[in-house]
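Subject: Structure handover

Hello,

I am passing this structure on to you.

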Amino acid sequence: LDESEYVELPIFGRAPGHPVMYNPAEMSDGKADAVRAALVAMEDDEEGEDILDDIINSPSGIVDVDFGEDVTIVEPVNIYGCSISDSVFIGPFVEIQKNVSIGAFSIIEPNVEIHDNTQIGNNVVIKSFSHLENCKIDNSVEIGPYARIRPGTTLKKGSRVGNFVEIKKSTLGQKSKANHLSYIGDSTIGKSVNVGAGTITC
């Protein structure tokens with residue numbers, strides 16, 4: 001890097017002893033966010049140095065991630081503090097936050113947000129512009145595009161959630177599907193159920 005890309009490291013509590021860091025003004029928004037998150041997380045010199053080394057030596061916007069083998073990521077992304085298993089594909093403009101796990105052979109299409117404490121099984125497809133938070137997705141589930149899976153939701157194996165479907169604090173049973181324009185709230189849907197367009201449960 002050119003020297004213009006470095007600035008003096010601010011002191012947060014005990015100084016980590018690391019002399020420089022990336023200048024947020026000259027890097028991507030995703031990487032700047034990752035730098036800020038790492039600085040907040042620092043508690044001692046050794047930890048601070050390790051975190052900053054990860055940031056400096058990692059691709060843009062990828063910090064503290066446990067990767068399996070043959071993972072494909074198309075940048076730019078913002079991925080922090082999560083676990084990604086073997087042979088996962090992640091498209092551009094994806095955000096994955098802390099305490100998220102993604103099972104093997106899953107596909108995350110562009111412009112997806114996966115927030116804290118979401119557990120995703122194997123062979124899951126999450127299509128573009130979907131939003132998941134604090135939910136459990138079993139194996140072989142398909143979600144989206146434009147789906148919202150809210151906290152407390154479980155999607156059982158082989159289920160499908162289509163476009164413009166929102167699910168909150170509910171269970172969608174094995175091989176059941178809600179393909180479009182529905183709201184499922186505070187409900188339990190059994191196996192092999194077809195939830196028609198315009199359905200509302202609450």
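The notes below cover confidence, the sheet, a surface patch and the salt bridges.

Confidence. This is a predicted model. The average pLDDT of the chain is 82, and 70% of the residues score at least 70. Residues 1–25 have a pLDDT below 50, and in the model this stretch has 45 contacts beyond near neighbours in sequence. Please read those contacts with that score in mind.

The sheet. Eight strands form an open sheet with parallel pairing, in the order β4-β7-β10-β13-β16-β19-β21-β23. At the edges are β4 (66–67) and β23 (188–189), each of which pairs on one side only. Strand β7 (residues 83–84) pairs with β4 in the parallel sense, over two bridges. Within this pair, Asp66 stands opposite Ser83 of β7. As a general point, strands of a sheet pair through backbone hydrogen bonds, either parallel or antiparallel.

The surface patch. Phe129, Tyr146, Phe164 and Leu181 make a nonpolar surface patch of about 430 Å². Phe129 is found in the loop between β14 (125–126) and β15 (131–132). Its relative accessible area is 42%, so Phe129 counts as partly exposed.

Salt bridges. In general, side chains of opposite charge can pair when their charged atoms come close. The whole structure holds six salt bridges, and three of them are described here.

- Asp138 and Lys136 meet through their side chains at 2.6 Å, N to O. Asp138 is buried, because its relative accessibility of 14% is under the 20% cut-off. Lys136, at 42%, is partly exposed.

- Glu142 and Arg160 form a salt bridge in which the closest N and O atoms are 3.7 Å apart. Glu142 lies in strand β17 (residues 142–143) and Arg160 in strand β20 (residues 160–168), so this pair ties together parts that are 18 residues apart in sequence. Both are partly exposed: Arg160 has a relative accessibility of 23%, and Glu142 has 26%.

- Arg150 and Glu166 form a salt bridge, with 2.7 Å between the closest N and O atoms. Glu166 is in strand β20 and Arg150 in the loop between β18 (148–149) and β19 (154–155), so the pair links distant parts of the chain, 16 residues apart. Glu166 is partly exposed at 23% relative accessible area, as is Arg150 at 24%.

Regards

Key. Residues numbered from 1 in each chain as written. Predicted model: local features only at pLDDT ≥ 70, side-chain atom pairs only at ≥ 80, totals over all residues. Heavy atoms only, no water. Pairing = 2+ DSSP bridges. Helix = DSSP H or I, 4+ residues; strand = E, 2+ residues; numbered from the N terminus. pLDDT = per-residue confidence, 0-100. Contact = heavy atoms within 4.5 Å. Patch = residues over 30% accessible without salt bridge, like charges linked within 9 Å, V, L, I, M, F, W, Y side chains within 5 Å. Areas by Shrake-Rupley, 256 points an atom, 1.4 Å probe, with all protein chains shown as cover. Salt bridge = Lys/Arg side-chain N within 4 Å of Asp/Glu carboxyl O. Buried < 20%, exposed > 50% of the residue type's maximum accessible area, 1.4 Å probe, protein only.
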